[in-house]
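The following note sets out numbered points for a colleague who is reading the model. It begins with the disulfide and then turns to the surrounding helices and the overall fold.

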Amino acid sequence: MVMQQPDAEYPISNDRKWATVVPPMLGFIRLGPEGTPFSIAMFHQLHCVNGIRFAYRGARDGLFKTPEALAKSFGHANHCFDILRHGLLCKADTTLARTSAGNATVVRHCEANHAQVREYVASNQAFWEGVPFPKDEHTGSVESWES
């Protein structure tokens with residue numbers, strides 16, 4: 001995978017582009033005869049990057065209409081910082097990067113093919129289409145997690 005820094009394909013203010021980084025239903029899959037829902041960490045982490053981006057952009061650009069909306073967005077961002085910290089520590093990327101890289105191309109050797117993971121999510125969701133997610137006693141319904 002080749003990544004350009006900065007990545008002009010995902011500008012911070014383009015909500016539509018950022019909405020494409022995570023599949024529908026946050027990329028949840030269902031396994032087993034009961035269709036137990038599971039989150040794929042990669043998609044949860046991407047959702048979190050987008051959530052932090054939106055909280056930053058919303059605060060910067062005055063998009064929040066009420067103090068409660070701002071607090072809710074920042075509360076989600078706090079959760080996301082923890083998710084990302086765990087992910088970074090768990091799958092530490094040891095690629096060497098120059099501090100003066102600027103617009104340099106960085107070549108990464110990734111362990112997972114993200115397109116293949118996304119294809120699996122789509123096929124799993126198609127299999128379970130129309131079957132409601134069971135409500136989780138701690139987190140509520142999966143459907144409510146998209147906001």
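1. The structure, which is a predicted model, holds one disulfide. The bond joins Cys 48 to Cys 80, with an S to S distance of 2.4 Å. Cys 48 belongs to helix α2 (residues 41-61) and Cys 80 to helix α3 (residues 67-90), so that the pair, 32 residues apart, links distant parts of the chain.

2. Are the cysteines buried or exposed? Cys 48 has a relative accessible area of 0% and is buried. Cys 80 is likewise buried, also at 0%. Cys 90, by contrast, is exposed, because its relative accessible area of 61% lies over the 50% cut-off.

3. Two packed helices are described by the angle between their axes and the distance between the axes. For α2 and α3, the axes come within 8 Å and cross at roughly 140°. An angle over 145 degrees would count as roughly antiparallel; α2 and α3 are therefore oblique to each other. The crossing in which α2 passes α3 is left-handed.

4. Which residues make the contact between α2 and α3? On the α2 side they include His 44, His 47, Cys 48, Ile 52, Phe 54 and Ala 55. On the α3 side they include Leu 70, Ser 73, Phe 74, His 76, Cys 80 and Leu 84. By residue class, the contact of α2 with α3 divides into 13 nonpolar, eight polar and no charged residues.

5. Leaving aside residues up to four places away in sequence, Ser 73 touches Phe 54, Ala 55 and Phe 64.

6. As for the whole protein, the secondary structure comes to four helices and four strands. Along the sequence these follow the pattern β-α-β-β-α-α-β-α. Of the 147 residues, 25% count as buried. Among contacts between residues at least 6 apart in sequence, 69% join residues at least 24 apart.

Methods:
Residues numbered from 1 in each chain as written. Predicted model: local features only at pLDDT ≥ 70, side-chain atom pairs only at ≥ 80, totals over all residues. Heavy atoms only, no water. Disulfide = S-S within 2.5 Å. Helix = DSSP H or I, 4+ residues; strand = E, 2+ residues; numbered from the N terminus. Buried < 20%, exposed > 50% of the residue type's maximum accessible area, 1.4 Å probe, protein only. Axes fitted to C-alpha atoms, helices over the stretch in contact; angles between N-to-C directions. Parallel < 35°, antiparallel > 145°, perpendicular 65-115°, else oblique. Left-handed = near helix turned anticlockwise from the far one by under 90°. Contact = heavy atoms within 4.5 Å. Nonpolar A, V, L, I, M, F, W, Y, C, P; charged D, E, K, R; others polar.
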